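This report examines selected side-chain interactions in one protein structure. Please keep the sequence and the model in view while reading.

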Amino acid sequence: MNTIPLNTLKNEALERFLRYVRINTTSDSHIEEIPSTAQQWELLKLLQQELAELGLDDITLDEHGYLIARLPSNLEGRTVPTIGLMAHVDTAADVSGDGVNPQVHEHYDGGTIRLEEERVLSPEEYPELADYEGDTIVTSDGTTLLGADDKAGVAEIMTALSYLQAHPELPHGEVEIIFTPDEETGKGMNLFPVDTLHSVCCYTFDGGERGVIETECFNAYSVKVTFTGSVIHLGHARGKLVNAVTMAGAFIDMLPQNESPEATDGRYGYYAPMEVNGELSSAELVVFLRDFEKEGMDRRLHSMTKFAEAVETAFPGGKVDVEAKKLYANMRSHMEKDPRVLSYLKKAVEDAGVEPREEIIRGGTDGARLSEMGVPTPNVFTGGHNFHSRYEWAALSVMGEATHSALNLVRNWAEESRD
């Protein structure tokens, strides 16, 4: 497996990546339907076509945008566990994904990369860039995000599958290829047909820096806080008006700033006000809560109800309702059920010439939801950086290494029951 030419993997991964990122697949958290946006279908149907062109017969794209294909085992006389390779097709709405114009910077000189609208990507601000001098760096033009989250993962999985099909001498068991919509909205797995899977475990290619393996993520809740005021003409408001907008502002002020995303890192959780809208009579606030520990999340949920009570006390006649919705849970405990899941992954990364680094995710993936459903699913690096921003970039060498790691994973599981 170490004889696989990395340049072959990099070239195909780049070609696919550039094709995929040009397709706008922004999802919309305000829409309950899955997929939440029609534009995600364009990439899903393209991938369905490409999977068929690679010779796969068992391909399903259901009405909710879950694309599942199966590569049959080429092992005669042996049965080995089925594994899955997974990525999501949507991109975040934080920055526009419309009209992505990818820029390929070959032989990166280690200096500042100039983007449009006077934006710059420099190693002074992003020191990890310095590690990739001489590499090929891919960015957007600076007016949109790039979409490496997670089209880098999509491209790497498709490239690995293409290589397997072109090289039948490489042993592999059955491999399930899984592409999902709406990961960025947090509800993309709500209707996932987990009962149809054959996989004993899965691997999401949805990570970032070289060699990083993620087996632990936040516990995540979305909390909708609704404020109801009492309205009267502003000229007669003294002692009578209860302004729902002001109530929302008072609630936001109670969220501890030292427990915000911008003030925390590592294992520290946070409160993040994400969206607020309203008028005098009513207002609505959405707050994201994140914590690695259940006890910490319970504390945050309790705090939200206490903040609501405090606002009601400060605004007599007003009402505050708190509705909490669980998005995903820490997948740590699920990884411990089968030690092969992580050991084979670490070996796969090492055999690609990369030192594996086990880290936590300050976020979540579809893998966290799939792990809760009973299929342990750690997250694997893809080479992307600065996700959800105009400064997003990907290193081509790492995309090649991630693809190589996927191939090594298939090999490792194929050797599971070798006598």
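## Basis of the model

This is a predicted model, in which local features need pLDDT of at least 70 and side-chain atom pairs count only at pLDDT 80 or more, while totals for chains, interfaces and linings use all residues. Residues are numbered from 1 along each chain as its sequence is written, and side-chain values use heavy atoms, with hydrogens and water left out.

## Aromatic pairs

A pair of aromatic rings is described by the distance of the centres and the angle of the planes. Rings of Phe, Tyr and Trp (its six-membered ring) pair if their centres lie within 6.5 Å; planes under 30 degrees apart count as stacked, over 60 as edge-to-face and the rest as tilted. By this rule there are 9 aromatic pairs. In the pair of phenylalanine 218 and phenylalanine 292, the centres are 4.4 Å apart and the planes stand at 35 degrees, so the pair is tilted. Phenylalanine 218 lies in the loop between E10 and strand E11 (219-228), and phenylalanine 292 in the loop between strand E13 (282-291) and helix H5 (294-314), so the pair ties together parts that are 74 residues apart in sequence. Helices (H or I, at least four residues) and strands (E, at least two) are DSSP runs, numbered from the N terminus.

Tyrosine 271 belongs to strand E12 (residues 270-278) and phenylalanine 307 to helix H5, 36 residues apart. Tyrosine 271 is buried at 2% relative accessibility, and phenylalanine 307 is buried at 15%. Phe227, Phe251, Tyr271 and Phe307 form one aromatic cluster.

## A buried aspartate

Aspartate 206 is found in the loop between strand E9 (201-205) and strand E10 (212-217).

## A buried serine

Serine 162 is found in helix H3 (residues 148-166) and counts as buried at 14% relative accessibility. The side chain of serine 162 makes a polar contact with that of glutamate 12 at 3.0 Å. A polar contact is a pair of N or O atoms within 3.5 Å; within protein, one must be able to donate a hydrogen and the other to accept it, and residues adjacent in sequence count only if both atoms are side-chain atoms.

## Salt bridges

A salt bridge is a side-chain nitrogen of Lys or Arg within 4 Å of a carboxyl oxygen of Asp or Glu. The count comes to 26 salt bridges. Arginine 119 and glutamate 117 meet in one of them at 2.7 Å, N to O; arginine 119 is buried at 18% relative accessibility, whereas glutamate 117 is exposed at 56%.

Arginine 19 forms a salt bridge with glutamate 15, with the closest N and O atoms 3.8 Å apart. Both residues lie in helix H1 (residues 6-21), 4 residues apart, about one turn of the helix.

Definitions and conventions
Buried < 20%, exposed > 50% of the residue type's maximum accessible area, 1.4 Å probe, protein only.
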